[in-house]
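Please read it alongside the sequence and the coordinates.

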Amino acid sequence: MSIDFGAGGKDLELVGLRKEFPGFVAVENLDLKVPAGQFFALLGPSGCGKTTTLRMIAGLENPTSGKILIGGKDVIDLKPHERPVNTVFQNYALFPHMSVIENVAFGLRQRKVDDPMVKAQAALDMVELGHMAERRPAQLSGGQQQRVALARALVNRPALLLLDEPLGALDLKLRRQMQIELKYIQMEVGLTFLHVTHDQEEAMDMADIVAVMNKGQIEQMGAPEKLYDRPKTAFVAKFLGQSNIFVGEVSETNSEAVSINFKGNKITAPVARSEKTTGKIAIGVRPEKTQFHATKPEATSTNNVLGPGEITDIRFTGVSNQYLIDIPEIGEIIVFAQNVGKSPVVELGAQVWVSWQVEHSFGLADLPTGKEDA
Amino acid sequence: MAFVALGGSTAAKKQAPKKAGRVALLLLLPGIAYLGLFFLTPLFSLILTSLKTPSASGDIGRYDYAVEFGNYLFAVEQYMPQILRSFMFALIATVVALAISYPLAYFIAVKARNKPLLKGLLLTLVIAPFFISMLLRTFAWKQIFSNDSWIVNTLKSFGIFGTDSYIIGTDFAVIFGLVYNFIPFMTLPIFSNLDRLDLRLLEASGDLYANPITTFRKITFPLSLPGVISGTLLTFIPISGDYVVASRDFLGGPDTAMIGNVVEANFLRIQDYPTASALSVLLMAAIVILVSAYVRRSGTDDLL
């Protein structure tokens, strides 16, 4: 048995990967390419198949069909212990009967690497737990255990590091701190990280590339800022941040813009930012791209105006206020306004108009089903 | 895990008012009284008896109080083969029972973990023998292994056995009976330990390049040691003192007597009470020494 370990990370390619369990399909013909040295996040709600995908890559689950290529080599027939991957498990899975340093040295000993203890100590120092080497895992806090699990995986310099919601059990503050550390370590060691999470903030914060997964399929993949700016499906628009989405028949279209008739109102999006320009389509806008006005703004070719409506809810979140505006016949619109002293002072029940720049609209490929938030 | 439990209880003790201490003592009283009456008193009487000398009157079965340590020397000299045989049988039977029970317990606890029906059925099969008296079961084996039984006849007809060969009364029959009787005592503690084994640890081990054999050696087995220790103690100790299986009325013969049989014979037939008592005390002392050395050596303090 010889495992091929690269000096740095290797690329990962999934080709037509599929996993069926009795009664349902967990992963449906997944095609994915993770370039070497990238921090890649697989983002999706629980039950979307992301953990199953990760377990198939680790070899803990056998795919029904498809290929898994690591550095161009198909690893489908390799047992978990023969694959050049390491996993940071959701519950850490540290060996309770071994000291922290023995946990970290475990993989090195299996591969008969020279000076396992020296390397394990160095890995523990990297996660700033060098002084805890002789303790048992049960004597560490959750955050410390998490870092031991990370050191135990990283010390092997795997071609691919898999992270299965490793920050899920930590409290918010520690999670933010670990996100920064994890990102820093990834850049330092240059390994390929595949991070599975349901926390969209975590994914956008850390990953170079985010793939949003839903019902066993990848909905959209790309850089976090691109994904956020131009979601292509209603699911991505709702799962990655919040969106106001309007559905209507296309009423006007030219080379620049496409407009829909939304319950008597004209809503326009740039053609370049739309997936579809015919029939019934959905146009969305992010809440922080919208403004509200005490007087009706003039509708032009560069903005969309809706209203008037009543403010039914105001939520103070610190840096911004979140307003819920109920417009008769149209429904509820969410508006985020930064607390920088520029937005008009409004109270619950005030009558306002909502507007946004056409260039901020995005046209979706599908229509919302109303279940995206579930 | 033990330190957590201990830490908790000492903390609770500190906080508890004195009244609670009195209640605890009251609750302990029946247990202490029971042990005092039925364990310490006989033990004391046993030690006294073991030091007695034959009555001056010369009557058989009558003894006077004395401090005759020679009884111990006599017991050891006279019954060394039986003493050694007891521990040898107990050791072999324990090892064989472990070899049978561990895979069985592993299968029930790990492989059948998500199959409640199979798991329940297998557990019932392990426990089912308890529903019938141990004497009856052992006697049944005597029938099965008896000289005209189909097993012996079949072995003879295939030429594996000579015409005058037999099973009853051999070391094999006794060890077989011991193993059979004590398998549940070995299986259940190991099962209850493996049932709690976190399978994700095995996945983590595989993920860290350990093959299944190494994973068993380094993860599964060390984590199951508390169960193995309990199981081996629950089999080794009673087997060392067992006097049923090895007796001539059951699976034993003239050359298979263990300490239990010797003690029984001395007490009930020869009426040599001091020797019987001395043997009992020796057996107890030997077990205490062996077991404490074993538990200490296995170093499971932080696992128990």
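## Burial and overall form of chain A

Of the 374 residues of chain A, 43% count as buried, a residue being buried if 20 or more other C-beta atoms lie within 10 Å of its own, exposed if 12 or fewer, and partly exposed in between, with C-beta atoms placed from the backbone. The model is a predicted one, in which local features need pLDDT of at least 70 and side-chain atom pairs count only at pLDDT 80 or more, while totals for chains, interfaces and linings use all residues. Residues are numbered from 1 along each chain as its sequence is written, and chains are lettered from A and ligands numbered from 1 in the order in which they are written.

The C-alpha atoms of chain A fill a box of roughly 75 × 45 × 35 Å along the principal axes. Chain A contains 8 helices and 20 strands; helices (H or I, at least four residues) and strands (E, at least two) are DSSP runs, numbered from the N terminus. Of the contacts in chain A with a separation of 6 or more, 66% join residues 24 or more positions apart; two residues are in contact if their C-beta atoms, placed from the backbone, lie within 7 Å.

## Domains of chain A

Chain A is divided into domain 1 (10-227) and domain 2 (241-362), with bounds that come from an automatic or database domain assignment. The C-alpha centres of domain 1 and domain 2 of chain A lie 39 Å apart.

An unreviewed UniProt entry places the feature "domain: ABC transporter" at residues 12-240 of chain A. UniProt positions are given in the numbering used here, feature names are shortened, and annotations may be inferred rather than shown by experiment. Residues 12-240 of chain A are 35% helix and 27% strand, and the end C-alpha atoms are 24 Å apart.

## Nonpolar cores

A nonpolar core is a set of buried Ala, Val, Leu, Ile, Met, Phe, Trp, Tyr and Cys residues joined through C-beta atoms within 7 Å. The largest has 95 residues, and those with the most contacts inside it are A:Val104, A:Leu194 and A:Ala211. This core draws at least three residues from each of domain 1 and domain 2 of chain A. A second, separate core of 46 residues includes B:Ala109, B:Ile175, B:Met186 and B:Leu251.

Leaving aside residues up to four places away in sequence, A:Val104 touches A:Ala120, A:Ala123, A:Leu124, A:Val148, A:Ala151, A:Arg152 and A:Val155.

## Transmembrane annotation of chain B

For chain B, an unreviewed UniProt entry lists the feature "transmembrane region" at several spans, among them residues 23-48 and 219-239. Residues 23-48 of chain B are 100% helix, with end C-alpha atoms 36 Å apart. Residues 219-239 of chain B are likewise 100% helix, and their end C-alpha atoms are 30 Å apart.

## Contact between the chains

The contact takes 15 residues from chain B and 16 residues from chain A. On the side of chain B, the elements that give two or more residues are α8 (199-207) and α9 (212-240). The largest share of that side, 6 residues, comes from α8(B).

## Confidence

The average pLDDT, the predictor's confidence in each residue from 0 to 100, is 88 for chain A and 87 for chain B. Over residues 1-14 of chain B, pLDDT stays under 50. Where pLDDT is low, the predicted coordinates should not be read in detail. The complex is given an ipTM of 0.81 and a pTM of 0.80 by the predictor.
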